[in-house]
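This report examines how the elements of a structural model pack against one another. The sequence and coordinates are shown first, and the description follows.

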Amino acid sequence: MQMRKVLSLLAVAVITFVAAAASAEGGAEAGQVVDVGWRALAAGLAIGLAAFGGSLGQGRAIDAALTGIARNPGADAKIFPKMILGLAIIESLVIYALIIAFMVKP
Amino acid sequence: MPHGVSWFDYIFTAMGEWRTRLQDLIGTSYIDRADISVQYIIGFAFIGVLLFALVLIARRKFSVARGLIPDDRLNLRTFFEMMIEGAFTTMEGIMGRKAARFFLPLITACLFIIFFSNFLGLIPGFTPPTGNWNTTLAMALVIFFSTHIWGVKEHGFIKYFAHWCGPFLKWWALPFMLFFFAIELVSHLARPVSLSIRLMGNMFADHAVVASFTLLCPILVPVPVLLLGVLVCIVQTAVFCILSTVYIGMAVAHEEH
């Protein structure tokens with residue numbers, strides 16, 4: 001029963017998106033980009049998924065760093081720069097997806 | 001101020017003909033076939049001139065008779081001393097003292113260029129010269145070629161590339177060696193791309209976020225975003241320099257098995 005609800009909701013969402021994209025196709029000017037709707041969808045999905053995964057990863061990194069500081073408050077000055085470095089590297093993957101989103105967006 | 005225009009454009013409209021000459025001289029970018037806005041070049045040249053002037057001013061304080069004792073206030077000389085000492089301590093932890101002394105000019109050059117370029121972008125009306133892939137790719141390629149050239153100088157050509165073939169160097173493990181070599185090659189090629197795009201993406205996205213918040217409500221709302229921008233600027237310079245140090249350190253290191 002639950003699975004059928006989820007599937008029907010998913011079907012409605014897919015049909016809505018396809019209809020919106022098709023109507024955007026009709027609304028786009030001739031000679032311009034014909035796939036404006038799909039490109040907007042792609043850009044939104046790219047940054048959305050990247051932000052989702054990136055924030056989960058950064059949450060785990062901060063969790064580990066805060067646990068280390070809580071166990072040993074004297075190591076605060078040593079743990080904190082490494083946490084910032086780790087966060088920046090995780091964030092760089094999200095930034096790559098943002099670049100792709102800017103390249104793709106109509 | 002419309003998108004893509006900075007105060008440098010207004011300075012250079014005074015010399016209109018020189019500007020078109022400069023634009024024709026620079027032409028299109030090799031990377032994305034788009035017209036490079038002149039302001040990135042002018043911004044980068046401005047950073048160069050600014051750094052040169054700042055270093056000359058700071059250097060004068062060293063040659064005073066009591067130049068050995070550092071001041072207790074934050075002036076230009078102590079600012080430079082703080083940054084260079086921080087960079088040297090970090091590099092020494094990664095590369096060892098001798099290599100850190102040798103590579104300190106390269107890494108601190110990158111450090112100061114990126115630091116001042118990022119902060120130039122926070123001033124309203126300027127775009128950061130590092131917000132453009134050409135600038136950051138140039139710096140990342142310098143680091144990339146440094147790793148390989150100094151690695152070859154340190155280890156010798158055959159030995160340096162033999163390290164890429166993996167831990168087993170026997171003839172009967174040739175497919176494994178080739179596989180490992182392919183993985184190492186891809187990871188090495190991805191390094192300058194990742195270094196440059198990380199810096200470019202952070203600066204570009206930060207600038208775009210500040211711009212959109214300013215469009216929303218120019219009164220007080222951009223201030224927290226600008227504070228976040230300050231943090232991003234500092235962290236991105238540190239990340240670039242620490243990663244460059246790690247790459248060069250890994251290329252130059254002598255490992256004792």
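## Basis of the description

Two residues are taken to be in contact if their C-beta atoms, placed from the backbone, lie within 7 Å. The model is a predicted one, and its local features are considered only where pLDDT is at least 70.

## Packing of α4 and α5 in chain B

With that criterion, the contact of α4(B) with α5(B) can be listed by residue. On the α4(B) side stand B:Met83, B:Ile84, B:Ala87, B:Phe88, B:Met91, B:Glu92 and B:Met95. They meet B:Arg97, B:Ala99, B:Ala100, B:Phe103, B:Leu104, B:Ile107, B:Thr108 and B:Leu111 of α5(B). By class, this contact comprises 12 nonpolar, 1 polar and 2 charged residues.

Helix α4 of chain B spans residues 76-95 and helix α5 of chain B residues 97-122; their axes come within 9 Å and cross at roughly 135 degrees. Angles over 145 degrees would count as roughly antiparallel and those from 65 to 115 as roughly perpendicular, so α4(B) and α5(B) are oblique to each other. The crossing of the two helices, α4(B) and α5(B), is right-handed.

## Nonpolar cores

The largest nonpolar core holds 39 residues, of which B:Cys110, B:Leu111, B:Ile114, B:Phe240 and B:Cys241 touch the most other members. At least two residues of this core come from each of α3 (38-62), α4, α5, α6 (133-155), α8 and α9 of chain B. The largest share, 11 residues, is supplied by α5(B).

Leaving aside residues up to four places away in sequence, B:Leu111 touches B:Met83, B:Ala87, B:Thr237 and B:Cys241.

## Surroundings of B:Phe119

B:Phe119 also belongs to helix α5 of chain B. Is this residue buried or partly exposed? A buried residue would need 20 or more other C-beta atoms within 10 Å of its own; B:Phe119 has 17 such neighbours inside 10 Å and therefore counts as partly exposed. Its C-alpha atom is separated by 14 Å from that of B:Ala238, a residue 119 places away along the chain.

## Contact between the chains

The contact between the two chains takes 10 residues from chain B and 8 residues from chain A. On the side of chain B that touches chain A, α8 (174-216) and α9 (222-252) of chain B each supply at least two residues. The most comes from α8(B), with 6 residues. This side of chain B has 5 nonpolar, 4 polar and 1 charged residues.

How values were computed:
Residues numbered from 1 in each chain as written. Chains lettered and ligands numbered in written order. Predicted model: local features only at pLDDT ≥ 70, side-chain atom pairs only at ≥ 80, totals over all residues. Helix = DSSP H or I, 4+ residues; strand = E, 2+ residues; numbered from the N terminus. Nonpolar A, V, L, I, M, F, W, Y, C, P; charged D, E, K, R; others polar. Axes fitted to C-alpha atoms, helices over the stretch in contact; angles between N-to-C directions. Parallel < 35°, antiparallel > 145°, perpendicular 65-115°, else oblique. Left-handed = near helix turned anticlockwise from the far one by under 90°. Core = buried A, V, L, I, M, F, W, Y, C linked by C-beta atoms within 7 Å. Buried ≥ 20, exposed ≤ 12 C-beta atoms within 10 Å, placed from the backbone.
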